[in-house]
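Here are a few friendly notes to read alongside the model. Please keep the structure open as you go through them.

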Amino acid sequence: VTAEEGALLQFDSDTAAQRGRFGKFQSGRLPGEVRVTRPESSPGAGDGMSLSTRNIQIDAQKIWTPHEVQFRYGASYGSGRDLVITLLPGVGRNDSPSLSGAALSGIKFVELVHLEKLHLEMPRAPSSPNRDPTQETTSPQPTDRGGFFASPSDVPLEITCQGSFRMDVQERIASFDDRVEVLRVRND
């Protein structure tokens, strides 16, 4: 986490900073521009992430900001405003969120109340060891993805909506509300 203007954190009355111990986390603010980044877990994993926004507020249950947000996860990216991240109970030491170590396993929901755009890179279809790549065509081929079509190299999705985007991180379920438009973007 990079917060150029610092951080204001409030702990309960049991704070004993002079002995290197802090009490239970109560709340916090990261004023100004904030950037959260995490490198890939291993080279080529495609799970690196970044998020840019401003004026983040934190408590033991959630992290939020009403401001514009730009984000990237692997090759997928998007933007919107009014971000709310709901944390799982007991995240971090003393039931407090740890921003630098807030792995996705500590997050229950991520919601953008107003989604502007989501560019979703679909995973590449696995190659068959017996398939001859010189015989591949660029015409769409059916896949097992609920009726979607893909070419030998899958094409991304562009998703917009007039409402919210909510991701249940634990269940891996994304939902979009109000006038949802989904486009498969092909170069041809």
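1. Strands β5 (residues 62-73) and β6 (residues 76-87) run antiparallel and are joined by ten bridges. Strands here are DSSP runs of E, at least two residues long, numbered from the N terminus, and two of them pair if DSSP finds at least two bridges between them. Lys62 has Thr86 of β6 as its bridge partner. Two residues lie between the strands of this hairpin, where Gly74 adopts a positive phi near 60°.

2. A word on the source: this is a predicted model, in which local features need pLDDT of at least 70 and side-chain atom pairs count only at pLDDT 80 or more, while totals for chains, interfaces and linings use all residues. Residues are numbered from 1 along each chain as its sequence is written, and side-chain values use heavy atoms, leaving out hydrogens and water.

3. On its other pairing, β6 meets strand β7 (residues 107-120) in the antiparallel sense, again over ten bridges. Gly78 has Leu118 of β7 as its bridge partner.

4. Do have a look at Thr65, which sits in β5. Thr65 is buried, at a relative accessible area of 1% (buried means under 20%, with a 1.4 Å probe and protein chains only). Its side chain comes to 3.3 Å from the backbone nitrogen of His67. Beyond neighbours within four places in sequence, Thr65 contacts Thr53, Arg54, Asn55, Ile56, Asp82 and Leu83, where contact means heavy atoms within 4.5 Å.

5. For the whole chain, the tally is zero helices and 13 strands. Of its 188 residues, 28% are buried.

Key
Helix = DSSP H or I, 4+ residues; strand = E, 2+ residues; numbered from the N terminus. Buried < 20%, exposed > 50% of the residue type's maximum accessible area, 1.4 Å probe, protein only. Polar contact = N/O pair within 3.5 Å; in protein donor to acceptor, adjacent residues only side chain to side chain.
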